[in-house]
Amino acid sequence: MTDLMRQDTTGGAQRRLPATVASPLTPRTTRRRRRDIGAFVGAAWILAVVVTALTADWLPLPDPNEITDDFSATPGWGPHPLGTDSLGRDLLSRCIHGARVSMAVAIGGTALAMVVGVALGMIAGFFRGTVDRVISLVVNFLLSFPALIFLIALVAALGPGLSTLVLGLALLGIPNFARVARANTMAFAEREFVMAARALGAGPWRILVRELLANVMLPVMSLALVVMATLVVAEGSLSFLGLGVPPPTPSWGGMLAAGRESLRQYPHLVLIPSLFFFLTVYSFNKLGDSVRGRIGRESSI
């Protein structure tokens with residue numbers, strides 16, 4: 001540690017006093033720590049939702065479709081800690097089983113959209129020319145459809161159900177992944193490691209898989225978490241409109257639709273599934289923000 005020579009006003013002698021050291025907790029460091037804490041809490045919530053959704057059949061919960069005499073019971077201690085709906089069905093059990101629909105749509109739809117979108121985007125960004133123009137035309141064609149009208153038409157053609165939701169939302173998510181993959185492929189295609197692989201005789205498909213895929217997937221994973229949050233909201237909106245999974249299968253959007261008629265008398269019928277919605281979407285967004293920040297720090301090194 002450096003020392004400063006300071007004048008002693010009492011005796012005139014000079015003493016070596018320690019210099020003031022700046023605090024390492026800069027505003028940027030503080031924001032980073034807050035983001036990391038938020039990402040940790042978000043990851044814990046997402047993990048809890050996924051685990052409880054997968055193990056819902058083995059948890060000590062009543063049947064989510066079992067009708068009892070406790071009509072619209074309020075939350076509290078007892079057999080129904082979060083209360084019941086207007087048919088006497090346990091809200092906690094329905095929220096946990098309803099998470100299956102939201103997580104299946106979020107994870108399944110995002111995975112399908114990511115696989116197809118990344119493949120199309122990387123092929124377009126690497127080969128360019130006519131291939132790029134054709135794939136860009138397909139992507140713009142998917143973007144030209146209004147999302148709600150497209151989903152209504154798909155549900156009318158295939159019927160309401162979980163597979164229809166996953167397919168429809170995946171088709172709507174493909175353009176986002178294709179654009180991000182195409183831009184990053186074009187940015188990395190002229191890097192030294194790609195040119196070295198070409199000089200060693202590597203073919204285009206080997207370069208795409210072995211050299212470019214890992215670099216392209218970093219920003220894609222950040223986008224995937226944000227897309228998952230968007231699909232959770234989309235599934236809830238469609239279920240609220242009656243275009244999601246048909247009853248009596250529980251879903252968060254369906255619970256909101258069923259509880260809106262009794263909102264004044266029993267607000268917990270809407271507040272509880274809304275809380276599950278909010279925490280899940282918030283957690284996905286915080287995770288995406290954290291991943292994006294880490295990618296930005298690594299790319300700046």
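At what angle do α2 and helix α3 pack, and how far apart are their axes?

## Packing of α2 and α3

In this predicted model, helix α2 (residues 91-127) and helix α3 (residues 129-144) pack at an angle of about 145°, and their axes lie 7 Å apart. The crossing in which α2 passes α3 is left-handed. On the α2 side the contact involves Leu120, Ile123, Ala124 and Phe127, which meet Gly129, Val131, Asp132 and Ile135 of α3.

Most residues other than glycine have a negative phi. Arg128 has a relative accessible area of 31% and is therefore classed as partly exposed, since that class lies between the limits of 20% and 50%.

## A nonpolar surface patch

Leu112, Val115, Val116, Leu158 and Leu167 together make a nonpolar surface patch of about 400 Å². Helix α2 gives the most to this patch, contributing three residues. Val115, one of the residues that make the patch, is placed in helix α2 and counts as exposed because its relative accessibility is 56%, where the cut-off for exposed is over 50%.

## A cis peptide bond

Between α7 (204-240) and α8 (252-259) runs a loop that includes Pro248. The peptide bond leading from Pro247 to Pro248 is cis, with omega near 10°, whereas most peptide bonds are trans.

Terms used:
Residues numbered from 1 in each chain as written. Predicted model: local features only at pLDDT ≥ 70, side-chain atom pairs only at ≥ 80, totals over all residues. Heavy atoms only, no water. Patch = residues over 30% accessible without salt bridge, like charges linked within 9 Å, V, L, I, M, F, W, Y side chains within 5 Å. Areas by Shrake-Rupley, 256 points an atom, 1.4 Å probe, with all protein chains shown as cover. Salt bridge = Lys/Arg side-chain N within 4 Å of Asp/Glu carboxyl O. Helix = DSSP H or I, 4+ residues; strand = E, 2+ residues; numbered from the N terminus. Buried < 20%, exposed > 50% of the residue type's maximum accessible area, 1.4 Å probe, protein only. Axes fitted to C-alpha atoms, helices over the stretch in contact; angles between N-to-C directions. Left-handed = near helix turned anticlockwise from the far one by under 90°. Contact = heavy atoms within 4.5 Å.
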